[in-house]
Amino acid sequence: MTENPSQPPPGPGSRRPGGRTARTRAAVRDAVLTGLAEHGYPGLTVEFVAERSGVHKTTLYRRWGGLEELVADALDLAGEDGWAPPDTGTLEGDLRALAREVCDSFADPAAAAAPTAFVAAAFQSERAADALRAFYAERFGRCEAVVERAVQRGEAPRGTDAGAVVRAVSAPLFLRLFVTREPVDTRVADQAAQAALAAVHAGAFTGARS
């Protein structure tokens, strides 16, 4: 799940202003992503964002309020893409595709730098943590369709908690990526998907036990 927030910015999927305002916001978001990738959250500054985006520092402070809000808004924008979960025709295939996508998202160190910095920022800023939580809640919400389709096909018990299932697929991968700092690959991704699938079949996500 790729990777993948004056007034607080509206939530993912909300209607955004177009034209110059949208272009300015996109430029600022790109500058924040570049800064996170190059310097990490501790090294990111409003001055860097201003220079990189071409938006004056006073404008950044007036419209966003500060660095935490800039990072949160960049995350919020990241949740507005057209990404959709896989639809392979089976729950096993969908869960495997989701797990492999997580691994692929962090396989390239350059591409993984910004999302990794977002996670690091969440440990240092409550505002960034809120934005990251909202981003993944929205992302996992999209993924729930995978489990809902499986229930309709009879591949999963009725009453299966779709949100819990898709989180169970990603959880062991995120543990390796951000806690134990172990490598992840296709084998590890498939293992995570198979474990979640077995738990679904056992009724672990319905509160029942077979």
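Which backbone nitrogen does a side-chain oxygen of Asp 185 reach at the start of H9? The legends below take up this and other close-ups of a predicted model.

**View 1. The start of helix H9.** Here is the answer: the side-chain oxygen of Asp 185 comes to within 3.2 Å of the backbone nitrogen of Arg 187. Look past the other end of the helix too, where H9 is followed by Gly 203, a residue with a positive phi, near 80°.

**View 2. Helix H9 along its length and against its neighbours.** H9 has 16 residues, and at 1.5 Å a residue they should span 22 Å; the end C-alpha atoms are 22 Å apart, so the two values agree. The buried residues of this helix are Val 188, Ala 189, Asp 190, Ala 192, Ala 193, Ala 196, Leu 197, Ala 199 and Val 200. If you are wondering what they meet, the buried residues of H9 pack against H5 and H8.

**View 3. The largest nonpolar core.** This core holds 64 residues, and Val 32, Leu 60 and Leu 95 have the most contacts inside it. At least two core residues come from each of helices H1 (19–43), H2 (46–53), H4 (67–78), H5 (91–105), H6 (109–122), H7 (126–153), H8 (162–178) and H9 (186–201). The largest share, 12 residues, is supplied by H7.

**View 4. The surroundings of Leu 60.** Now zoom in on Leu 60, one of the core residues with the most contacts. Setting aside neighbours within four places in sequence, Leu 60 is in contact with Val 28, Val 46, Val 49, Ala 50, Val 55, Gly 65 and Leu 70.

View 5. The cluster is formed by Phe 106, Phe 135, Tyr 136, Phe 140, Phe 174 and Phe 178. The count of aromatic pairs comes to five. In one of them, the ring centres of Phe 106 and Phe 178 are 5.4 Å apart with the planes at 85°, so this pair is edge-to-face. The two partners sit in distant parts of the chain, 72 residues apart: Phe 106 lies in the loop between H5 and H6, while Phe 178 belongs to helix H8. Phe 106 counts as buried because its relative accessibility is 11%, under the 20% limit, whereas Phe 178, at 23%, is partly exposed.

**View 6. Two buried cysteines.** Cys 103 has a relative accessibility of 5% and so counts as buried. Cys 143, at 0%, is likewise buried. There are zero disulfides in the structure.

Key: Residues numbered from 1 in each chain as written. Predicted model: local features only at pLDDT ≥ 70, side-chain atom pairs only at ≥ 80, totals over all residues. Heavy atoms only, no water. Core = buried A, V, L, I, M, F, W, Y, C linked by side-chain atoms within 4.5 Å. Buried < 20%, exposed > 50% of the residue type's maximum accessible area, 1.4 Å probe, protein only. Helix = DSSP H or I, 4+ residues; strand = E, 2+ residues; numbered from the N terminus. Contact = heavy atoms within 4.5 Å. Phe/Tyr/Trp six-rings, centres within 6.5 Å; stacked < 30°, edge-to-face > 60°. Expected span 1.5 Å × (residues − 1). Polar contact = N/O pair within 3.5 Å; in protein donor to acceptor, adjacent residues only side chain to side chain. Disulfide = S-S within 2.5 Å.
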